[in-house]
Amino acid sequence: MALVTTAEVCDANPQLIVNGELRALEPVFQIYGRRQVFSGPVVTLKVFEDNVLIREFLEEKGNGRVLVVDGGGSKRCAILGGNPVVQAQNNGWAGIVVNGCVRDVDEINGCDIGVRALASHPMKAYKKRVGEKHVPITIAGTRIMDGEWLYADTDGILVSRTELSV
């Protein structure tokens with residue numbers, strides 16, 4: 001799948017788009033990290049201005065998964081920073097998509113992992129340990145379920161109910 005673009009996936013699967021099994025996220029995310037193309041099964045997390053559960057997930061073995069975090073779209077602080085991204089890279093996560101902000105951008109950009117976020121922000125998140133794991137989330141106009149597949153490249157981000165091939 002690494003050599004197939006999101007545009008090619010869309011062109012090859014028009015029926016999946018029509019029936020809603022293949023969805024494109026609205027183009028609101030900035031690209032961070034060295035890995036501009038990534039894909040994998042989705043793990044969902046819902047938090048707000050709190051990064052404790054994000055860090056806990058990224059300390060686990062990623063096994064090529066993609067952590068998709070609904071941070072409520074907050075731009076008041078960063079919920080993902082350089083240290084957890086390094087941890088995610090070292091633990092085999094394919095990527096992280098954050099509906100919120102990141103910080104330590106230079107450190108993140110040095111990591112061999114794909115990261116998408118709304119923006120960067122210097123303020124750190126709170127540590128309340130509040131959030132929901134493995135729940136349906138809606139970000140960038142798209143409902144995403146735990147276990148679906150995410151495909152990202154420089155054209156955008158797709159989510160599919162099943163693993164795709166072209």
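**Reading features residue by residue**

Tutor: Asp-104 has a relative accessible area of 36%, so this residue counts as partly exposed. Please note that the model is predicted.

Student: Where is Asp-104 found, and what does UniProt list for Asp-104?

Tutor: Asp-104 is found in the loop between β6 (95-102) and α5 (105-109). The unreviewed UniProt entry lists Asp-104 under "binding site"; such annotations may be inferred rather than shown by experiment.

Student: Which residues does Asp-104 touch, not counting residues up to four places away in sequence?

Tutor: With those neighbours set aside, Asp-104 touches Gly-81 and Gly-82.

Student: Is Val-18 buried or exposed, and why?

Tutor: A residue is called exposed when its relative accessible area is over 50%. Val-18 has 66% relative accessibility and therefore counts as exposed. Its place is in helix α2 (residues 14-18). From Val-18 to Pro-84 the separation is 66 residues in sequence and 37 Å in space, C-alpha to C-alpha.

Student: How many aromatic pairs does the structure hold?

Tutor: The structure holds 1 aromatic pair. The ring centres of Trp-149 and Tyr-151 are 6.4 Å apart and the planes lie at 25°, so this pair is stacked. The reasoning rests on two cut-offs: centres within 6.5 Å for a pair, and planes under 30 degrees apart for stacking.

Student: Are Trp-149 and Tyr-151 buried or exposed?

Tutor: Both Trp-149 and Tyr-151 are buried.

Student: Where does the charged end of Lys-133 sit?

Tutor: The charged end of Lys-133 sits over the ring of Phe-57, at 5.5 Å from the ring centre.

Notes: Residues numbered from 1 in each chain as written. Predicted model: local features only at pLDDT ≥ 70, side-chain atom pairs only at ≥ 80, totals over all residues. Heavy atoms only, no water. Phe/Tyr/Trp six-rings, centres within 6.5 Å; stacked < 30°, edge-to-face > 60°. Buried < 20%, exposed > 50% of the residue type's maximum accessible area, 1.4 Å probe, protein only. Lys NZ or Arg CZ within 6 Å of the ring centre and 35° of its normal. Helix = DSSP H or I, 4+ residues; strand = E, 2+ residues; numbered from the N terminus. Contact = heavy atoms within 4.5 Å.
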